Amino acid sequence: MTDRYTGQTVLLTGGAQGLGRAMVHRFAAEGASVHFADLNADAAAETLAGLPGDGHAFHQVDVTDQAAAAAWIDGVAASAGRIDVLVNNAGIIRDNRIENITAQDWDAVIAVSLNGAFYCTQAAFAHMREQQYGRVLSFSSMSWRGNFGQANYVAAKAGVVGFTRGFALEGARHGVTANAIAPGLIDTPMLASMNGPARDKLIGKVPMRHTGHPDDIAAAATFLCSPEARYITGVVLDVDGGIGIGSSIR
Ligand SMILES: NC(=O)c1ccc[n+]([C@@H]2O[C@H](COP(=O)([O-])OP(=O)(O)OC[C@H]3O[C@@H](n4cnc5c(N)ncnc54)[C@H](O)[C@@H]3O)[C@@H](O)[C@H]2O)c1
(Lines give C-alpha, C1' and ligand atoms only; values in the text may rest on other atoms or scores of the structure.)
Protein backbone atom coordinates (compact mmCIF):
# COMPACT_ATOMS: atom_id res chain seq x y z
CA MET A 1 0.00 0.00 0.00
CA THR A 2 1.12 3.55 -0.71
CA ASP A 3 0.51 6.61 1.47
CA ARG A 4 -0.63 8.75 -1.45
CA TYR A 5 -3.80 9.87 0.38
CA THR A 6 -2.12 11.10 3.54
CA GLY A 7 -3.71 14.39 4.60
CA GLN A 8 -6.60 13.97 2.18
CA THR A 9 -10.31 13.97 2.98
CA VAL A 10 -12.32 11.44 0.99
CA LEU A 11 -16.13 11.42 0.82
CA LEU A 12 -17.90 8.33 -0.42
CA THR A 13 -21.57 7.36 -0.71
CA GLY A 14 -22.88 3.84 -0.15
CA GLY A 15 -19.91 2.78 1.99
CA ALA A 16 -21.70 0.35 4.29
CA GLN A 17 -21.16 -2.76 2.17
CA GLY A 18 -20.02 -4.11 -1.17
CA LEU A 19 -17.82 -1.99 -3.39
CA GLY A 20 -18.19 1.02 -1.09
CA ARG A 21 -16.85 -0.87 1.91
CA ALA A 22 -13.83 -2.11 -0.08
CA MET A 23 -13.08 1.43 -1.25
CA VAL A 24 -13.44 2.91 2.26
CA HIS A 25 -10.86 0.39 3.48
CA ARG A 26 -8.47 1.01 0.60
CA PHE A 27 -8.58 4.82 0.85
CA ALA A 28 -8.03 4.55 4.62
CA ALA A 29 -5.15 2.11 4.15
CA GLU A 30 -3.52 4.65 1.84
CA GLY A 31 -3.72 7.41 4.45
CA ALA A 32 -7.03 9.23 3.83
CA SER A 33 -9.62 10.35 6.37
CA VAL A 34 -12.76 8.77 4.97
CA HIS A 35 -16.29 10.06 5.52
CA PHE A 36 -18.95 7.79 4.12
CA ALA A 37 -22.70 8.16 3.80
CA ASP A 38 -25.19 5.34 3.77
CA LEU A 39 -28.67 4.41 5.00
CA ASN A 40 -27.64 1.19 6.70
CA ALA A 41 -26.14 1.99 10.13
CA ASP A 42 -25.58 -1.65 11.16
CA ALA A 43 -23.56 -2.50 8.07
CA ALA A 44 -21.75 0.84 8.34
CA ALA A 45 -20.55 -0.09 11.83
CA GLU A 46 -18.95 -3.20 10.30
CA THR A 47 -17.21 -1.06 7.69
CA LEU A 48 -15.85 1.24 10.40
CA ALA A 49 -14.58 -1.63 12.55
CA GLY A 50 -10.87 -2.18 12.07
CA LEU A 51 -10.44 0.71 9.66
CA PRO A 52 -6.76 1.72 9.64
CA GLY A 53 -5.81 5.30 10.58
CA ASP A 54 -8.10 7.89 12.13
CA GLY A 55 -10.47 10.72 11.32
CA HIS A 56 -13.00 8.38 9.70
CA ALA A 57 -16.75 8.77 10.15
CA PHE A 58 -20.06 7.32 9.06
CA HIS A 59 -22.95 9.69 8.32
CA GLN A 60 -26.49 8.40 7.95
CA VAL A 61 -27.50 10.30 4.83
CA ASP A 62 -29.94 9.53 2.05
CA VAL A 63 -28.29 10.76 -1.14
CA THR A 64 -31.69 11.28 -2.78
CA ASP A 65 -32.32 14.11 -0.30
CA GLN A 66 -30.53 17.12 -1.79
CA ALA A 67 -30.58 19.18 1.40
CA ALA A 68 -29.26 16.30 3.51
CA ALA A 69 -26.49 15.52 1.00
CA ALA A 70 -25.39 19.16 0.88
CA ALA A 71 -25.49 19.49 4.69
CA TRP A 72 -23.29 16.38 5.01
CA ILE A 73 -20.72 17.64 2.52
CA ASP A 74 -20.64 21.21 3.81
CA GLY A 75 -20.31 19.88 7.36
CA VAL A 76 -17.32 17.70 6.49
CA ALA A 77 -15.69 20.58 4.60
CA ALA A 78 -16.15 22.86 7.62
CA SER A 79 -14.64 20.39 10.08
CA ALA A 80 -11.90 18.86 7.89
CA GLY A 81 -11.01 22.07 6.08
CA ARG A 82 -11.08 20.51 2.60
CA ILE A 83 -12.60 17.84 0.38
CA ASP A 84 -10.16 16.16 -1.96
CA VAL A 85 -12.22 13.27 -3.29
CA LEU A 86 -15.89 12.49 -3.79
CA VAL A 87 -16.93 8.98 -4.79
CA ASN A 88 -20.56 8.69 -5.92
CA ASN A 89 -20.99 4.97 -5.34
CA ALA A 90 -24.51 4.51 -3.91
CA GLY A 91 -26.83 2.71 -6.30
CA ILE A 92 -29.78 0.32 -6.31
CA ILE A 93 -31.43 -2.05 -8.76
CA ARG A 94 -35.14 -2.65 -9.33
CA ASP A 95 -34.91 -5.02 -12.31
CA ASN A 96 -37.95 -5.74 -14.47
CA ARG A 97 -39.05 -5.88 -18.06
CA ILE A 98 -40.33 -2.54 -19.29
CA GLU A 99 -44.01 -3.52 -18.97
CA ASN A 100 -43.49 -4.23 -15.26
CA ILE A 101 -41.35 -1.26 -14.21
CA THR A 102 -43.49 0.89 -11.94
CA ALA A 103 -43.07 4.64 -11.85
CA GLN A 104 -41.80 4.24 -8.27
CA ASP A 105 -39.11 1.77 -9.33
CA TRP A 106 -38.11 4.01 -12.22
CA ASP A 107 -37.81 7.05 -9.97
CA ALA A 108 -36.01 5.20 -7.16
CA VAL A 109 -33.24 3.88 -9.40
CA ILE A 110 -32.68 7.25 -11.10
CA ALA A 111 -32.88 9.06 -7.74
CA VAL A 112 -30.08 7.11 -6.06
CA SER A 113 -27.54 6.68 -8.88
CA LEU A 114 -28.09 9.81 -10.94
CA ASN A 115 -29.76 12.44 -8.77
CA GLY A 116 -27.58 11.44 -5.82
CA ALA A 117 -24.42 11.88 -7.92
CA PHE A 118 -25.62 15.30 -9.06
CA TYR A 119 -26.54 16.53 -5.55
CA CYS A 120 -23.25 15.39 -3.99
CA THR A 121 -21.11 16.62 -6.88
CA GLN A 122 -22.72 20.04 -6.90
CA ALA A 123 -22.09 20.46 -3.17
CA ALA A 124 -18.52 19.09 -3.30
CA PHE A 125 -17.56 21.12 -6.35
CA ALA A 126 -18.16 24.38 -4.50
CA HIS A 127 -15.33 23.42 -2.11
CA MET A 128 -13.10 21.83 -4.76
CA ARG A 129 -13.30 24.92 -6.96
CA GLU A 130 -12.23 27.10 -4.06
CA GLN A 131 -9.17 24.94 -3.36
CA GLN A 132 -8.53 24.40 -7.12
CA TYR A 133 -8.20 20.66 -6.59
CA GLY A 134 -10.59 17.76 -6.59
CA ARG A 135 -11.39 14.29 -7.84
CA VAL A 136 -14.95 13.15 -8.51
CA LEU A 137 -15.55 9.51 -9.33
CA SER A 138 -19.04 8.22 -10.10
CA PHE A 139 -20.33 4.70 -10.47
CA SER A 140 -21.77 3.67 -13.79
CA SER A 141 -22.06 -0.01 -14.74
CA MET A 142 -21.39 -2.35 -17.63
CA SER A 143 -25.17 -2.03 -18.04
CA TRP A 144 -24.89 1.54 -19.30
CA ARG A 145 -24.55 0.22 -22.85
CA GLY A 146 -27.79 -1.74 -22.44
CA ASN A 147 -28.91 -4.82 -20.51
CA PHE A 148 -32.10 -6.84 -20.80
CA GLY A 149 -34.63 -6.28 -18.03
CA GLN A 150 -32.89 -3.23 -16.60
CA ALA A 151 -34.13 -0.25 -18.62
CA ASN A 152 -34.38 1.93 -15.49
CA TYR A 153 -30.87 0.99 -14.32
CA VAL A 154 -29.46 1.37 -17.86
CA ALA A 155 -30.94 4.86 -18.06
CA ALA A 156 -29.49 5.80 -14.67
CA LYS A 157 -26.03 4.45 -15.44
CA ALA A 158 -25.91 5.97 -18.96
CA GLY A 159 -26.99 9.19 -17.25
CA VAL A 160 -23.99 8.91 -14.92
CA VAL A 161 -21.70 8.70 -17.96
CA GLY A 162 -23.29 11.79 -19.53
CA PHE A 163 -23.18 13.69 -16.27
CA THR A 164 -19.51 12.78 -15.75
CA ARG A 165 -18.51 13.92 -19.24
CA GLY A 166 -20.44 17.18 -19.00
CA PHE A 167 -19.15 18.00 -15.54
CA ALA A 168 -15.56 17.07 -16.51
CA LEU A 169 -15.52 20.00 -18.93
CA GLU A 170 -16.51 22.41 -16.17
CA GLY A 171 -14.15 21.05 -13.55
CA ALA A 172 -11.06 20.88 -15.78
CA ARG A 173 -10.05 24.52 -15.52
CA HIS A 174 -10.26 24.30 -11.72
CA GLY A 175 -8.02 21.27 -11.21
CA VAL A 176 -11.04 19.04 -10.69
CA THR A 177 -11.28 15.77 -12.61
CA ALA A 178 -14.46 13.74 -13.14
CA ASN A 179 -14.36 10.10 -14.14
CA ALA A 180 -16.57 7.02 -13.95
CA ILE A 181 -16.02 3.35 -13.34
CA ALA A 182 -18.22 0.83 -15.13
CA PRO A 183 -17.92 -2.38 -13.11
CA GLY A 184 -18.79 -5.72 -14.62
CA LEU A 185 -19.98 -8.54 -12.37
CA ILE A 186 -18.39 -8.02 -8.98
CA ASP A 187 -19.13 -10.17 -5.91
CA THR A 188 -21.26 -7.95 -3.66
CA PRO A 189 -24.69 -8.15 -2.01
CA MET A 190 -26.10 -6.34 -5.06
CA LEU A 191 -24.90 -9.05 -7.43
CA ALA A 192 -26.23 -11.70 -5.05
CA SER A 193 -29.65 -10.01 -5.14
CA MET A 194 -29.96 -10.29 -8.94
CA ASN A 195 -32.25 -12.82 -10.57
CA GLY A 196 -30.24 -16.08 -10.34
CA PRO A 197 -30.56 -17.50 -13.89
CA ALA A 198 -29.97 -14.06 -15.46
CA ARG A 199 -26.90 -13.56 -13.28
CA ASP A 200 -25.50 -17.00 -14.15
CA LYS A 201 -26.01 -16.38 -17.88
CA LEU A 202 -24.14 -13.09 -17.60
CA ILE A 203 -21.26 -14.64 -15.63
CA GLY A 204 -20.98 -17.23 -18.43
CA LYS A 205 -20.21 -14.38 -20.85
CA VAL A 206 -17.22 -12.95 -18.94
CA PRO A 207 -14.05 -13.55 -21.01
CA MET A 208 -11.99 -14.02 -17.83
CA ARG A 209 -14.53 -16.65 -16.76
CA HIS A 210 -15.04 -15.40 -13.23
CA THR A 211 -16.62 -12.53 -11.32
CA GLY A 212 -14.54 -9.66 -9.99
CA HIS A 213 -13.61 -8.95 -6.37
CA PRO A 214 -14.47 -5.59 -4.72
CA ASP A 215 -10.72 -5.02 -4.30
CA ASP A 216 -10.44 -4.90 -8.12
CA ILE A 217 -12.71 -1.87 -8.05
CA ALA A 218 -10.95 -0.29 -5.05
CA ALA A 219 -7.60 -0.52 -6.86
CA ALA A 220 -8.99 1.29 -9.92
CA ALA A 221 -10.80 3.90 -7.81
CA THR A 222 -7.75 4.80 -5.73
CA PHE A 223 -5.74 5.28 -8.90
CA LEU A 224 -8.33 7.48 -10.65
CA CYS A 225 -8.80 9.65 -7.53
CA SER A 226 -5.08 10.04 -6.81
CA PRO A 227 -2.98 13.13 -7.52
CA GLU A 228 -1.04 11.16 -10.16
CA ALA A 229 -4.18 10.75 -12.30
CA ARG A 230 -4.20 14.52 -12.83
CA TYR A 231 -4.41 14.42 -16.65
CA ILE A 232 -7.28 11.92 -16.82
CA THR A 233 -10.79 13.32 -16.97
CA GLY A 234 -14.11 12.44 -18.57
CA VAL A 235 -13.26 8.75 -18.95
CA VAL A 236 -15.36 5.67 -18.22
CA LEU A 237 -13.09 2.88 -17.05
CA ASP A 238 -14.44 -0.64 -17.58
CA VAL A 239 -13.37 -2.94 -14.72
CA ASP A 240 -15.12 -6.02 -15.91
CA GLY A 241 -12.94 -8.98 -16.87
CA GLY A 242 -13.49 -8.07 -20.53
CA ILE A 243 -17.27 -8.43 -20.72
CA GLY A 244 -17.64 -4.89 -22.08
CA ILE A 245 -15.50 -5.71 -25.13
CA GLY A 246 -18.42 -7.42 -26.81
CA SER A 247 -19.11 -10.91 -28.06
CA SER A 248 -17.11 -13.66 -26.39
CA ILE A 249 -17.19 -17.07 -28.09
CA ARG A 250 -15.80 -19.99 -26.17
N1 LIG B 1 -21.67 -5.31 -7.82
C2 LIG B 1 -21.66 -5.21 -9.13
O3 LIG B 1 -21.47 -6.21 -9.82
C4 LIG B 1 -21.89 -3.88 -9.81
C5 LIG B 1 -21.83 -3.86 -11.20
C6 LIG B 1 -22.00 -2.66 -11.87
C7 LIG B 1 -22.21 -1.49 -11.16
N8 LIG B 1 -22.28 -1.52 -9.80
C9 LIG B 1 -22.52 -0.25 -9.12
O10 LIG B 1 -21.55 -0.07 -8.10
C11 LIG B 1 -22.11 0.62 -6.98
C12 LIG B 1 -21.96 -0.20 -5.71
O13 LIG B 1 -22.59 -1.45 -5.91
P14 LIG B 1 -22.57 -2.63 -4.83
O15 LIG B 1 -22.61 -3.89 -5.59
O16 LIG B 1 -21.53 -2.38 -3.82
O17 LIG B 1 -24.04 -2.40 -4.20
P18 LIG B 1 -24.59 -2.79 -2.73
O19 LIG B 1 -26.07 -2.89 -2.87
O20 LIG B 1 -23.86 -3.96 -2.20
O21 LIG B 1 -24.22 -1.49 -1.87
C22 LIG B 1 -24.80 -0.24 -2.16
C23 LIG B 1 -24.79 0.60 -0.91
O24 LIG B 1 -25.47 1.85 -1.23
C25 LIG B 1 -26.32 2.16 -0.12
N26 LIG B 1 -27.43 3.02 -0.56
C27 LIG B 1 -28.50 2.64 -1.28
N28 LIG B 1 -29.35 3.67 -1.42
C29 LIG B 1 -28.78 4.72 -0.77
C30 LIG B 1 -29.20 6.06 -0.54
N31 LIG B 1 -30.36 6.53 -1.01
N32 LIG B 1 -28.39 6.88 0.19
C33 LIG B 1 -27.22 6.40 0.70
N34 LIG B 1 -26.79 5.15 0.51
C35 LIG B 1 -27.56 4.31 -0.21
C36 LIG B 1 -26.80 0.81 0.39
O37 LIG B 1 -27.30 0.89 1.73
C38 LIG B 1 -25.54 -0.02 0.27
O39 LIG B 1 -24.75 0.03 1.44
C40 LIG B 1 -23.57 0.89 -7.36
O41 LIG B 1 -23.71 2.18 -7.92
C42 LIG B 1 -23.85 -0.17 -8.40
O43 LIG B 1 -24.92 0.20 -9.26
C44 LIG B 1 -22.13 -2.70 -9.10
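This is a predicted model: local features need pLDDT of at least 70, side-chain atom pairs count only at pLDDT 80 or more; totals for chains, interfaces and linings use all residues.
Okay, let's start with the rings. The count of aromatic pairs comes to 6. I'll go through two of them.

The pair to begin with is Phe-36 with Phe-58, and the geometry is tilted: the centres sit 5.5 Å apart and the planes make an angle of 40°. If you're wondering about that label, stacked needs planes under 30 degrees apart and edge-to-face needs over 60, so 40° ends up as tilted. What I like here is the link along the chain. Phe-36 belongs to strand 2, residues 33-38, while Phe-58 belongs to strand 3, residues 57-60, and the two are 22 residues apart, so this pair links distant parts of the chain. How exposed are they? Phe-36 is buried, with 0% relative accessible area. Phe-58 is partly exposed, at 23%.

Now the other pair, Phe-163 and Phe-167. This one is stacked, with 6.1 Å from centre to centre and 10° between the planes. Both residues come from helix 5, residues 151-171, and they're 4 residues apart, about one turn of the helix. Why does that spacing matter? An α-helix has 3.6 residues a turn, so residues three or four places apart point the same way. On accessibility, Phe-163 counts as partly exposed because its value is 21%, and the buried label needs under 20%. Phe-167 has 8%, so that one is buried.

Phe-163 and Phe-167 are part of one aromatic cluster with Phe-118, Tyr-119 and Phe-125.

Which residues of helix 1 are buried? Gly-18, Leu-19, Gly-20, Ala-22, Met-23, Val-24, Phe-27 and Ala-28. After the helix comes Gly-31, and its phi is positive, near 105°.

Met-23 and Ala-219 are 196 residues apart in sequence, yet their C-alphas are 8.1 Å apart in space. Ala-219 is in helix 8, residues 214-224.

Note on methods. Residues are numbered from 1 along each chain as its sequence is written. Side-chain values use heavy atoms; hydrogens and water are left out. Rings of Phe, Tyr and Trp (its six-membered ring) pair if their centres lie within 6.5 Å; planes under 30 degrees apart count as stacked, over 60 as edge-to-face and the rest as tilted. Buried means under 20% relative accessible area, exposed over 50%, partly exposed in between (1.4 Å probe, protein chains only).
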